[in-house]
Amino acid sequence: MGKTIAEKVLAAHSNSDCAAGEIVVASVDFCMAQDGTSTMMIRELENLGFEHPKTKRGMALVLDHNAPCPSVEVSRIHLRIRDFAGSRRIPLHETGQGVCHQVVPESGRVLPGDLVVGADSHTCTYGALNACSTGLGSADVAAAAYAGKLWFKVPETYSIRVSGSLSTRVSAKDLILRIIGQLTADGATYKSIEFSGDTTDSMEMDGRFTMANMAVEMGAKFCPFNCDEKTVSWLANRGFDSGTPVSSDMDAHYEKQFEIDASDVVPQVACPHSVDRVCDVSNLRGTKIQQAFLGTCTNGRLSDLEAAARLMNGRSVNRDVRLIVAPSSRTVLVEAMEKGVVTQLLKAGAIFVAPGCGPCVGTHAGIPSDGETVVSTANRNFKGRMGNNKDVGIYLASPETVAASAIAGEITDPREI
Amino acid sequence: MRYSGCARRFVPNDDINTDYIISGRYKFKIDDINELAKHVMEDIDPGFASKVRNGDLIVAGRNFGCGSSREQAPRALKAAGVSVVLAKSFARIFYRSSFNIGLPLIECDTDSIRQNDQIVVDLDSGTFTNTTTGETMHINPLPRTMQILLEDGGLVPHLKKHGDFALK
């Protein structure tokens, strides 16, 4: 019987011939934590007598969720993380460098074939780079850093084959929202997801990051994409090698197989307060918005900013709407500036906040008021997610739909602009 | 191991995410778990933290603990006095984290349990008793890995005790 990517990566990291369902202890290549999860991890590491990470490419800490610091309380948490990183010589991505799931890939510490854990649920994002990468709690990540290895249950795999071309102004976000709507919020719990087919084969890396990022929104553990020329050149352009690419065998066992036709996907929106309440954008015509948010580890990359800027093209943000933009990293921000994208968005009326998580988790930089409606490129729309639980509705959509809605002042199909 | 207490249910029943268990409004700025416990479940049940009693059980439907990886979620539940969570299914990260910090989770059919029913769970005999309704139910034993973690008091105590993973 052939093997899936998850089976092969976990077998290679545990010197075993493991198959789905087995428990293995596997060496971990890299681990990370962010400012909301680091202090608990640090306490566990100190309890263990930790000195240096035993993971192959070490670990990194990222100040992104609550940065720049909005309060005295948070400043003390950041200080604790800085002190720990400094005393152990652990790389620290400081305030303003960007969202962990953009700065970690940009740092070259995750490569094809890797096994990676992070104290952030969206660590599955690195699946775009052909890694088996997953989010865990702080204790698990502490254990991985301390021991250089961790226990894993080898997951079953779902195969999702996507074929056909996405229409103009329909993008990777619409595709993954459509899939989550179909599979539901727990439809892939504990599973590894492998995408295949001409749609994802021809998709640029930014789109693959978007799709892998949201795999956890249907409960998935890993979402390894295939390593191809796009993966290799994305890494090479940043000065990194292409690791040890892994692909599944022709006769690999998939617990379930899905076929999706991308050509009939229209712009999708996830309605409050659940990521799997997905509908066509046309069903929401006339829904007034007060805030629009472009950014996050899902959709704050260069191509996302470019897509929004193209739609703006001389138009302005509606006077009743605040359009907040948080580029996913400083590198992305600089590239967007050099390409004139920032100027276009600013001239349209956008508000730029520091590269990082922006208002996604509701601690700063754009908390909506009571009864307001937000359209966002983020990955979660739980009640209270953006910091206010008083009748705030968050609609999740693509950068194109967010830009179109910011222009119109109501949820709008980007194909109608 | 035996747990007994009052059943606490919520609306919604399914997909109770970790933002609902402990909101980002608090978890990013409060590092003291006992302080965080004062806000547990606040977004879906304001005042829950003052109602919950030591030993109470949380009872839910599908996909409990989905969303963010925040370990503050199981830690805050435990610090608030919750002894065990019963649900039809759990999200993956929350499942591991709960056992890692010593909060047992049990997957079982929870439909018949009503708000404030008195529940006794006996993990050793694999039984669940609703003393309010008189119903007794068999519960599946915990996976061996999770039993070991629970017996050792969590993942870090396990590593300190054995010097390595000893989970088989």
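Colleague: What share of the 168 residues in chain B is buried?

Modeller: A residue is called buried if 20 or more other C-beta atoms lie within 10 Å of its own, exposed if 12 or fewer, and partly exposed in between, with the C-beta atoms placed from the backbone. By that rule, buried residues make up 48% of the 168 residues in chain B, while of the 417 residues of chain A, 63% count as buried. Keep in mind that this is a predicted model, in which local features need pLDDT of at least 70 and side-chain atom pairs count only at pLDDT 80 or more, whereas totals for chains, interfaces and linings use all residues. Residues are numbered from 1 along each chain as its sequence is written, and chains are lettered from A and ligands numbered from 1 in the order in which they are written.

Colleague: How does the radius of gyration of chain A compare with what the globule rule gives for 417 residues?

Modeller: The radius is taken over C-alpha atoms, and the rule is 2.2 Å times the number of residues to the power 0.38. Helices (H or I, at least four residues) and strands (E, at least two) are DSSP runs, numbered from the N terminus, and chain A has 14 helices and 17 strands. Its radius of gyration is 20 Å, close to the 22 Å from the rule, so chain A is as compact as a globular protein of that length. The C-alpha trace of chain A spans about 60 × 50 × 40 Å along its principal axes.

Colleague: Which domains does the assignment give for chain A?

Modeller: Domain bounds come from an automatic or database domain assignment, and here they are domain 1 (5-260) and domain 2 (270-416). Their C-alpha centres lie 24 Å apart. Residues are in contact if their C-beta atoms, placed from the backbone, lie within 7 Å, and the contact takes 34 residues from domain 1 of chain A and 35 residues from domain 2 of chain A. On the domain 1 side, the largest share, six residues, comes from H6(A).

Key
Two residues are in contact if their C-beta atoms, placed from the backbone, lie within 7 Å.
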